[in-house]
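Hi,

Here is the structure you asked for. Please open it and keep it beside this email.

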Amino acid sequence: MSGPGEVAVRVRGLTKRFGAAAVLDGIDLDVRRGEFVALLGPSGTGKTTLLRLLAGLERPDAGTVLTAPRVTTVYQEPRLVVAKRVLANVTLGLPRSARERGRRALAEVGLAGRERDWPATLSGGEAQRVALARALVRDPDVLLLDEPFAALDALTRLQAQDLVAELCARHRPAVVLVTHDVDEAVRLADRVAVLRDGAFAVDRAIDLPRPRGALSGAADPAVREHRRELLTHLGVAPSSP
Ligand SMILES: Nc1ncnc2c1ncn2[C@@H]1O[C@H](COP(=O)(O)OP(=O)(O)OP(=O)(O)O)[C@@H](O)[C@H]1O
C-alpha cells in the first residue's frame, strides 16, 4: 500500500469561543491524504465543533483552517430525504450524469439492486451505508465522520467499521472520525488524538497491522496498551506503570 499523501487538512492555532469560553484553544492538526485520524474526548470538548470548522460550517475566532477542496461529512444519523429513492439520495445535488457513479458507489457499500428502494424500507445499517455511498460518490479529499456508527447495533457496527476501513484504504481520503469508542478508534485509525480542555492531550500513532477486523483487545497486548493509554488521557482509567 502507498504511504500517506499530501496534507489535506492543515489547522494552525485554531481557537473557537462560544461566549467567554474557548471550546478550542489554539489547536494544530495536520491530516494527509490516506491518513485516518480518530478524535476522542469527553462529551462537550468540542469534537463536533472541530469537524464543523473543518467543513467550513463555523468560522474560527483565531487561527487558520485549510482543507483540500472536496470535504464531505457523514453523521450519526443517515439524513436521507424520505421522499427520494435510494439512488436519488446518493446523487442528491449532482447532475444526472452522476447516476452511474451513484450506482457504483451503492455497489461498493453492498447495496447493488436497491437503487429504486425508498429510505423507509432500509434497516439502520443499510441507511447508513447509503449515507456512505452519498459521501463516496463525491470523491472526497477529506471525509469527516461524526460518530457514524454510534446508532448501530454491535454487530452492524463492526461490519460498518470494516466497510469504512476498506473504502478508505481504496479511496484514500484524509479521514477525521469523531467517536466515543476507544476500541473503534484503535481499530480504525492511523492516529488517535484526545481532545480535552480545548487542546490535544495526546496525539498517538497506532502502528498495528491491517486489516484489523479480527483485532482483539483481550488477546493483543499492543491493543491493550493503546486502550489503557487513551483511557487514561480520557480520565476514565487509573494510570499504571
Ligand atoms: N452554536 C453553539 N452555541 C453555543 N455553544 C455551542 C454551540 N455549539 C457548541 N457549543 C458548545 O461547545 C461545546 C462543545 O460542543 P461540541 O458539540 O463540539 O462537543 P463534542 O465534543 O462534540 O460533544 P459530544 O461528545 O457530547 O458530542 C459544548 O459546551 C457546547 O455546548
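Predicted model: local features only at pLDDT ≥ 70, side-chain atom pairs only at ≥ 80, totals over all residues.

Residues are numbered from 1 along each chain as its sequence is written.

Confidence comes first. The protein averages a pLDDT (the predictor's confidence in each residue, from 0 to 100) of 93. A score of at least 70 is reached by 94% of the residues. For the complex, the predictor gives an ipTM of 0.96 and a pTM of 0.94.

Now the ligand. Around it sit Phe 18, Val 23, Gly 41, Ser 43, Gly 44, Thr 45, Gly 46, Lys 47, Thr 48 and Thr 49. A residue counts as near if its C-beta atom, placed from the backbone, lies within 6 Å. The shell has 2 nonpolar, 7 polar and 1 charged residues. Ala, Val, Leu, Ile, Met, Phe, Trp, Tyr, Cys and Pro count as nonpolar, Asp, Glu, Lys and Arg as charged, and the others, Gly among them, as polar. Helix H1 (residues 47–54) gives the largest share of the shell, 3 residues. Helices are DSSP runs (H or I, at least four residues), numbered from the N terminus.

Last, the helix pair. The axes of H4 (residues 124–136) and H5 (residues 154–171) come within 11 Å and cross at roughly 15°. Axes are lines fitted to C-alpha atoms over the stretch in contact, with angles from 0 to 180 degrees between N-to-C directions. H4 and H5 are therefore roughly parallel (angles under 35 degrees).

Best wishes

How values were computed:
Helix = DSSP H or I, 4+ residues; strand = E, 2+ residues; numbered from the N terminus. Parallel < 35°, antiparallel > 145°, perpendicular 65-115°, else oblique.
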